[in-house]
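Reader: I would like to learn how to read helix packing, salt bridges and backbone angles in a model. Can we work through one case?

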Amino acid sequence: MSSGKRKWSAALLAAALLAVTAACGGGGDGGEGAGGTVTLRFSYWGSDARQKMTEEAIAKFEAKNPTIKVEGEFSDFDSYYESLSTKVAASDAPDVIQLEIRALREYADRGTLADLSSSVNAADIDAKLLATGAIDGKQFAIPNGANAFSLMVNPALVESSGQKLPDDTTWTWDDYVDLASKITAGSDGKVTGTQLSWNPAYLEIYAAQKGESFYQGNQLAMSPQTIKEWWAIMQKLIETKGSPDAAKSAEVGATSVDQSLLGTNTGAMGMWWSNQLGAAASASGQNLELLRMPKLEGATTGGMFMQPAMFLAASSQSEHAAEAAKFIDFMINDPEAGQIILSDRGLPANAKVLAAVRDKLPEADQKTLAFLDEAKSELKDPPAAPPKGASAMEDILTRYSEEVMFGRMTPDDAAAKLIAEANASIAG
């Protein structure tokens with residue numbers, strides 16, 4: 001997943017998408033222009049830097065394909081899915097659509113997306129990573145890049161507080177809490193050890209260490225006890241001042257990685273997707289490193305996993321299916337596109353593109369690549385696309401986590417209500 005708070009309405013998305021079953025036509029206004037030129041619409045979200053890179057890649061594609069023009073429909077993340085769902089419901093879907101894994105079923109199961117199995121070459125993409133974009137044997141989405149949810153650390157801040165970096169192949173959650181509290185104490189409170197995270201990937205990793213899956217069909221598969229133990233780690237961090245208190249944690253949790261404690265050099269550790277290391281390092285201006293997530297003592301797996309940073313998909317209603325597939329093929333498979341985009345959408349999923357750009361990756365991305373290469377044998381298989389309604393999971397987790405951290409609900413009550421609400425969302 002990309003950076004920033006994930007607050008988009010699954011209810012709005014689901015309601016808007018229902019209209020697609022009655023929709024016809026498609027592809028919006030993109031048609032044939034003068035001289036037989038085809039215009040594609042490409043919908044995507046991101047930062048200003050991503051927009052600049054993407055526009056440069058589009059220009060390269062147009063130069064290679066003079067009869068195809070691509071109009072980028074760009075927005076920030078917070079408004080992206082509401083805008084996209086409105087377009088889809090109005091039979092005005094873009095020809096090419098950027099998606100993340102938790103939104104895939106929302107669109108694929110309602111017939112919004114085209115099957116790209118035979119129209120986009122995916123031979124150089126890891127088969128397990130590619131499978132995350134397939135549902136019921138149809139390849140509805142092609143992964144752009146890959147990343148892993150990891151722990152980031154500022155070594156200088158750890159050492160200036162009188163502490164040492166952990167051995168991340170053996171450290172436990174108790175070690176993590178202890179280190180965080182000692183960093184805060186050793187810096188006289190000028191630097192906080194870590195900040196809390198309510199990202200579903202964090203809970204998925206913790207649950208895997210307990211031998212549990214996140215989802216089973218259209219239900220949560222985690223036990224209430226696992227969720228309560230996960231919260232207990234955060235409560236311990238607050239109690240020992242290894243993290244900010246509940247109010248400050250809620251405040252910084254709503255910011256992007258560049259505004260985080262780590263990004264502003266007021267925190268020594270934090271959890272984010274590995275492709276966000278560059279943004280965090282750029283914001284902090286200091287050397288940052290990636291660490292494996294801590295483990296439960298005796299756990300047989302670390303629970304970490306590789307997943308697609310995001311996908312490219314095509315509208316099933318596009319009037320220019322061949323051209324849409326050609327553009328996706330270029331963005332995924334062409335080394336010239338890779339030279340422009342580098343790791344902005346995760347480390348390139350195409351092995352040949354990754355090899356072509358490897359030496360040109362920024363220092364932070366070189367570290368990410370080295371880290372993932374080192375941990376590769378330990379990573380679980382990439383997860384399948386979660387059930388419809390999973391897009392609401394981060395908001396649900398955040399809400400109930402904050403209720404527990406603020407002491408407004410007991411962990412028992414919050415876990416029961418979280419599971420009930422999440423199951424209603426993904427079964428609906």
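Author: Start with one residue. D124 is partly exposed, at a relative accessible area of 25%. Keep in mind that this is a predicted model.

Reader: Which residue forms a salt bridge with D124?

Author: K352 does, and the closest N and O atoms are 3.9 Å apart. The cut-off is 4 Å between a side-chain nitrogen of Lys or Arg and a carboxyl oxygen of Asp or Glu. K352 lies in helix α14, residues 351–357, and D124 in the loop between α4 (104–108) and α5 (127–131), so the pair ties together parts that are 228 residues apart in sequence.

Reader: Is K352 buried or exposed?

Author: Exposed counts from over 50% relative accessible area. K352 has 58% relative accessibility, so it counts as exposed.

Reader: How many salt bridges does the structure hold?

Author: It holds 22. One of them joins D92 to R41, with 3.1 Å between the closest N and O atoms. This pair also links distant parts of the chain, 51 residues apart. D92 sits in the loop between α3 (77–89) and β3 (96–99). R41 sits in strand β1, residues 38–45.

Reader: How accessible are D92 and R41?

Author: Check each end on its own. D92 is partly exposed, with a relative accessible area of 27%. R41 is buried, with a relative accessible area of 6%.

Reader: Which residues are linked with D92 and R41 in a network of salt bridges?

Author: E73 and K87 belong to that network along with R41 and D92. Another salt bridge to look at is R408 with E403, where the closest N and O atoms are 3.0 Å apart.

Reader: Now helix packing. At what angle do α9 and α16 pack?

Author: Read the angle and the axis distance together. Helix α9 (residues 224–239) and helix α16 (residues 393–405) pack at about 50 degrees, and their axes are 10 Å apart. The two helices are therefore oblique to each other. The crossing of α9 past α16 is right-handed.

Reader: Which residues meet there?

Author: From α9 come W230, W231, M234, Q235 and I238. From α16 come L397, Y400, S401, V404 and M405. This contact divides into 8 nonpolar residues, 2 polar and no charged.

Reader: Which helix packs its buried residues against α9 and α16?

Author: That is α10, whose buried residues pack against both. Helix α10 covers residues 246–253, and its buried residues are A246, S249, A250 and V252.

Reader: How do α8 and α9 cross?

Author: Helix α8 spans residues 200–209, and its axis comes within 10 Å of the axis of α9. The two cross at roughly 115 degrees. Y202, L203, Y206 and A207 in α8 meet T226, I227, E229, W230, I233 and M234 in α9. The contact of α8 with α9 has 8 nonpolar residues, 1 polar and 1 charged.

Reader: Last topic: backbone angles. What is the phi of D188?

Author: D188 has a positive phi of about 55 degrees, although it is not a glycine. D188 is found in the loop between α7 (173–186) and α8. With 68% relative accessibility, D188 counts as exposed.

Reader: And where does L342 lie?

Author: L342 lies in the loop between α13 (335–341) and β12 (347–348). Its phi is near 50 degrees, again a positive value in a residue other than glycine.

Terms used: Residues numbered from 1 in each chain as written. Predicted model: local features only at pLDDT ≥ 70, side-chain atom pairs only at ≥ 80, totals over all residues. Heavy atoms only, no water. Axes fitted to C-alpha atoms, helices over the stretch in contact; angles between N-to-C directions. Helix = DSSP H or I, 4+ residues; strand = E, 2+ residues; numbered from the N terminus. Parallel < 35°, antiparallel > 145°, perpendicular 65-115°, else oblique. Left-handed = near helix turned anticlockwise from the far one by under 90°. Contact = heavy atoms within 4.5 Å. Nonpolar A, V, L, I, M, F, W, Y, C, P; charged D, E, K, R; others polar. Buried < 20%, exposed > 50% of the residue type's maximum accessible area, 1.4 Å probe, protein only.
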